[in-house]
Amino acid sequence: MLHRLRQWLCPDLAIDLGTANTIVAIQGEGIALDEPSVVALHKGSRKILGKGTAVGKLAKQMLGRTPDSIIAVRPLKEGVITDFELCESMLRYFIHKARHHSRGLRPRVVIAVPGSITPVEKRAVFNSAERAGAGRVYLIEESKAAGIGAGLPISEPMASMVCDIGGGTSEVAIMSLGDTVVSNSVRIGGDRCDEAIVEYMKQHFSLRIGVQTAEDLKMELGSAYPLEQELTGEVKGLDTISSIPRKAIVTSEELRDALHGPLEAILNCCKQTIEQCKPELVADLADNGMVLTGGGALLRGLEYYMSEQLGIPVRIDEDPLRTVARGTAICLEHLGQWRHAFDNGEGDF
Ligand SMILES: Nc1ncnc2c1ncn2[C@@H]1O[C@H](COP(=O)(O)OP(=O)(O)OP(=O)(O)O)[C@@H](O)[C@H]1O
């Protein structure tokens, strides 16, 4: 009764605090907010534009297109908070926007974070969330949340494998009997793919492009595996020799070449995880395979590339950008059952 009253007065929140996107789900209601993890500032002042409202979608539109007096900043890099103060402001804005009311109470919050973050980086998440208005804060590993969100039978005595490819990190885990058996993480994800495209365009086309253009190219033409019909597109940038704007035609084969390095690093993380696993569980993987989650899973042909290289079946979760958020929300609904899986900052996880 008391629990229901509390839930009505102040519903708890599940947050996927990502390098690229932040998703907030409300207990009993589902996903309430899904916005880029970006804030726009007056240069030099650290004041968020629009009286603190230039956050998320609005701020992302400004990335790379701002006049000199304005900068658009991401408070997280490679899955960890790099700007504590801005992360707190961003979280406060998102929590406030997602909840219709607060009634003065502080919600309990479950936050998904990369498995590889250090105790200091974890403390930064606890502090940011608390200062942004959260009450009790619990952290869950992204890979575990991804497994739960993808509906894998992680409580069964068999291996379930997930690879979550976000903007800043890729998390790989093999789970069984409700716990993680082996997990590995690399600080390489979609952002590194964008940077690889920027570098490729500079080296092979003498064309300077921004990371936003590179991300657009990756989504339009990028692939990890040969396509039935290869694609061609136009890209605009600045000629690195003459310093004048120029267009170039790029093919999906060329972009595959550009993406080879970061994709191989993610693949190696998957291979290493399988190698560290007991033979019985590896045998399960031959049947159950691996699920790809996170926005990076949307790269064309990634499931074929991974499946061919790893020798196991690979599938993409149905809504990979939201798998971690869904899993975190499920944990929130069953806080008692999953409490052992959380880090509450007191070391009893
Ligand atoms: N169609 C697509 N093709 C390739 N990449 C995509 C596509 N859609 C989104 N992405 C990439 O997915 C990444 C964002 O994914 P996601 O929102 O899961 O990351 P995140 O949770 O914010 O990051 P992290 O978990 O690393 O902190 C971006 O790098 C984006 O470019």
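Just after helix H7, Ser206 takes a positive phi of about 50 degrees. Helices (H or I, at least four residues) and strands (E, at least two) are DSSP runs, numbered from the N terminus. The model is a predicted one, in which local features need pLDDT of at least 70 and side-chain atom pairs count only at pLDDT 80 or more, while totals for chains, interfaces and linings use all residues. Residue numbers start from 1 along each chain, as its sequence is written.

## The chain as a whole

The protein chain has 13 helices and 17 strands. Its radius of gyration is 21 Å, close to the 20 Å that the globule rule gives for 349 residues, so the chain is as compact as a globular protein of that length. That radius is taken over C-alpha atoms, and the globule rule is 2.2 Å times the number of residues to the power 0.38. Along the principal axes, the C-alpha atoms of the protein chain fill a box of roughly 70 × 55 × 30 Å.

Of the 349 residues, 48% are buried. A residue is buried if 20 or more other C-beta atoms lie within 10 Å of its own, exposed if 12 or fewer, and partly exposed in between, with C-beta atoms placed from the backbone. Two residues are in contact if their C-beta atoms, placed in that way, lie within 7 Å. Among contacts between residues at least 6 apart in sequence, 65% join residues at least 24 apart.

## Strands

Two strands pair if DSSP finds at least two bridges between them. The table lists some of the pairs.

| Strand pair | Direction | Bridges |
|---|---|---|
| E1 (residues 13-17) and E2 | antiparallel | five bridges |
| E2 and E3 (residues 30-36) | antiparallel | six bridges |
| E1 and E8 (residues 109-113) | parallel | four bridges |
| E14 (residues 232-239) and E15 | antiparallel | seven bridges |

Strand E1 has five of its five residues buried, so it is largely enclosed by the rest of the structure. Both of its faces are covered: Leu13, Ile15 and Leu17 are buried on one side, and Ala14 and Asp16 on the other. Ile15 stands opposite Ile111 in E8. Towards E2, Asp16 stands opposite Ile23, and Leu13 has Ile26 as its bridge partner. A hairpin of three residues joins E1 to E2.

Strand E2 (residues 21-26) has five of its six residues buried, so it too is largely enclosed by the rest of the structure. On the E3 side, the bridge partner of Asn21 is Pro36. The hairpin of E2 and E3 has three residues between the strands, and in this hairpin Gly28 takes a positive phi near 80 degrees.

Elsewhere, three strands form an open sheet in the order E13-E14-E15, with antiparallel pairing. Its edge strands, each pairing on one side only, are E13 (207-208) and E15 (245-251). Val235 stands opposite Ala248 in E15.

## Two helices

The 15 residues of helix H4 (residues 84-98) should span 21 Å at 1.5 Å a residue, and its end C-alpha atoms are 21 Å apart, which agrees. The expected span is 1.5 Å times one less than the number of residues in the helix. Buried residues of H4 include Leu86, Met90, Leu91, Phe94 and Ile95. An α-helix has 3.6 residues a turn, so residues three or four places apart point the same way.

Leu86 is found in H4 and counts as buried, with 22 C-beta neighbours inside 10 Å. Leaving out residues up to four places away in sequence, Leu86 touches Val39, Val73 and Pro75. Leu86 and Ile71 are 15 residues apart in sequence, and their C-alpha atoms are 13 Å apart in space.

Among the buried residues of H7 are Gly190, Asp191, Arg192, Ile197 and Tyr200. The buried residues of this helix pack against strand E10 (160-165), E13, H8, E14 and helix H9 (252-275).

## Around the ligand

There are 24 residues around the ligand, of which Gly18, Ala20, Gly166, Gly190 and Gly295 come nearest. A residue is near a molecule or strand if its C-beta atom, placed from the backbone, lies within 6 Å of it. Helices H7 (190-205) and H8 (211-221) each supply at least two residues of this shell. H8 gives the most, with three residues.

By class, the shell has five nonpolar, 14 polar and five charged residues. Here Ala, Val, Leu, Ile, Met, Phe, Trp, Tyr, Cys and Pro count as nonpolar, Asp, Glu, Lys and Arg as charged, and the others, Gly among them, as polar.
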